[in-house]
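Please read the following note beside the sequence and the structure. Its points are numbered so that each may be checked in turn.

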Amino acid sequence: MISLFYACNDDPLVIGFSPTIERLGAEEMIHTKDHKTAYIFDPWHFLGRKRRRLMDESWAALFREHILCELPVNKVAPYFSDGMGRPTKELYTALGVLVLQQMLDLTDEETVSQLAFNLQWHYALDIADETDEAKYLCAKTLWNLRSVVIENHLEQHLFERSTDVLARVFKVDTSKQRMDSVHIKSNMRRLGRIGIFAKSIHAFLVNLKRQHEESLGNLDQGLVERYLPEKALGCFSLVKPSEAEKTLERVSGDLFHLVQRFADDPQVSSMYSYRTMLRVLKEHCEIQEEEGGPAEVKVKPSREIPSDSLQNPSDPDATYDGHKGQGYQVQVMETYCTHEDEKERDKTLNLITHVEVQPACESDAHALIPALESAIERGLAPEEVLADSLYGSDDNCQKAEAMDIEIISPTMGSVKQETISLSEFRFSDRGKIIACPQGHVPVRTKHKKNRYTAAFECSDCTACPMRQGCPVKPGKKHCHLRYDDKTMRIANRRTIEHSAQFKEKYRWRAGVESTMSAYDRTTGVKRLRVRGFPAVRFCATLKAIGVNLMRATAVRKARRAGQDPAQGGRLSLQSVISVVKEHVASVWGVAKLIFSPFACPKGTFQAHFAL
Ligand code: SF4
């Protein structure tokens, strides 16, 4: 089917013809629309000039012009049948809705309502059609589509495609980037140890009642009464601190009893809730078995519970971070601008180039290299990366150097003020010491693989005023200093850290904190509505697209505000053309109604004709 379209982008003179519907599938089941070709007649002509300008300055225009067409519908289409069932919703609209929902932190009901009635959403998603097919998506369809994206980890394609296009459109300089992580929480309650035991038992009993009611009847009814009713769980959150230890022993004993009771029942022991109890038992308890006697359960001390242990049975993927608590973390890498003029910085897009969700217990040290590899693969490679000391391990710096990337980060730990650093010794090009800070030459040096030894005269060292802080160790004949390549590299980095040049470069790292703040303020990333690692990863990744879109909108506005008068003249001309177009379009609309009586709703033809 061929339709005529009218320009709706910045350039009002673009006119084109385009097929409205493309078929990705063999039949007409996979529904997509061509959003690249501009319209001949502006479907948004009814917007007055001021509202239209407002719309064109908003995120909706940027989304429609640059991101909508880049949404990876080809990655999603294979998960829908091209021969069975009903046709899909228009896939660009459907994927766009998923992004906008996360960006604006909406519930499913709010999202359905926004798609149905919000003009800004229609503009962003290029929906000019007033039909239910175009503007209505039921909550179930939204849920199904989201499940497809989550289960197949397609959110990464959405992020990469939209980020790459913004980097291209805004000519983002990716040579300078900075990285940090932010702690986020899924929709789960914080539970203490007693709560974890009680909730695991409750979930098991609820499932046992549903699936094997006769087994529940055979259990001690006192135990069932303690954990099965919903109200019973509340009692465990009211335990006095003085009784906590006793209660913990009791709930662990009950859990152990249930695990033992059904261990030989293959139907019950294969239930998910039984395996959850087993996991809690292994993580929190020790089983003591004495010869001939019954096995006994002993609760482990809190410090022995691993950080990747179960935090709440309703979200088995959430883990624990000693500083930040339960949940997940998001690794974020973004570009930054070092221009001293604030106005110039406002016109530069700080783009999030990498986002990765991890369990909260993961160390930041493991996140840097995957981020660099991803950026290189997508042509967004940095030349230098600012990060805090956790990212800047010696191992990471070495790997990054092999990729031609410099990591600017302080070293871990600290040294005492009066201690002499290894970097204060003088070295030869081959890494051997040629003199100590007091100017004494070693009597002997040795080098084996990457380990070095320098021997100094004991008489020099004994009389040395710097002896207390010097890393040399007294030996039988000489005083020895032993070091390796890694120690030397770290010592050199410590010296550089005190330089003004390092401080000047590193001060830009702090800006990433404002990104994390905006990430949360704009999209609500720190408190998600979902549970489970795949769903959390989906939400956090799409919310990062939202941050990029909002920032790009602000940058485009700043750039347009700073355009020269010649450009302003061009814009005025465009405005005049736009007004003329609006009039032509409204006349065309009336003409269509007059000369297309069969397209009019019953009875309206006469009314328009009379007008
Ligand atoms: S203690 Fe020995 S090696 Fe260290 S600075 Fe003094 S003389 Fe040099």
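**Notes on the predicted model**

1. D460 lies in helix α20 (residues 458-462). Helices (H or I, at least four residues) and strands (E, at least two) are DSSP runs, numbered from the N terminus. The model is a predicted one, in which local features need pLDDT of at least 70 and side-chain atom pairs count only at pLDDT 80 or more, while totals for chains, interfaces and linings use all residues. Residues are numbered from 1 along each chain as its sequence is written.

2. D460 counts as partly exposed because it has 19 C-beta neighbours inside 10 Å. The rule is that a residue is buried if 20 or more other C-beta atoms lie within 10 Å of its own, exposed if 12 or fewer, and partly exposed in between, with C-beta atoms placed from the backbone. The C-alpha atom of D460 is separated by 9.3 Å from that of Q438, and the two residues are 22 residues apart along the chain.

3. Q438 is also among the closest residues to the ligand, together with C436, C461, C464 and C470; 13 residues surround the ligand. A residue is near a molecule if its C-beta atom, placed from the backbone, lies within 6 Å of it. The shell consists of nine nonpolar, two polar and two charged residues. Here Ala, Val, Leu, Ile, Met, Phe, Trp, Tyr, Cys and Pro count as nonpolar, Asp, Glu, Lys and Arg as charged, and the others, Gly among them, as polar.

4. Five bridges join β15 to strand β16 (residues 451-457), and the two run antiparallel; strands pair if DSSP finds at least two bridges between them. K446 stands opposite T453 in β16. The two strands form a hairpin with two residues between them, and K449 in the turn has a positive phi of about 55°.

5. The largest nonpolar core has 81 residues, of which L95 and A540 touch the most other members. Helix α24 (residues 533-561) supplies the largest share of this core, 12 residues. Such a core is a set of buried Ala, Val, Leu, Ile, Met, Phe, Trp, Tyr and Cys residues joined through C-beta atoms within 7 Å.

6. Beyond its neighbours within four places in sequence, A540 is in contact (C-beta atoms, placed from the backbone, within 7 Å) with I184, V330, V355, V357 and V525. A second, separate core of 21 residues includes L191, A198, L258 and L281.

7. Overall, the chain has 26 helices and 18 strands, and 31% of its 611 residues count as buried.

Note on methods. Contact = placed C-beta atoms within 7 Å.
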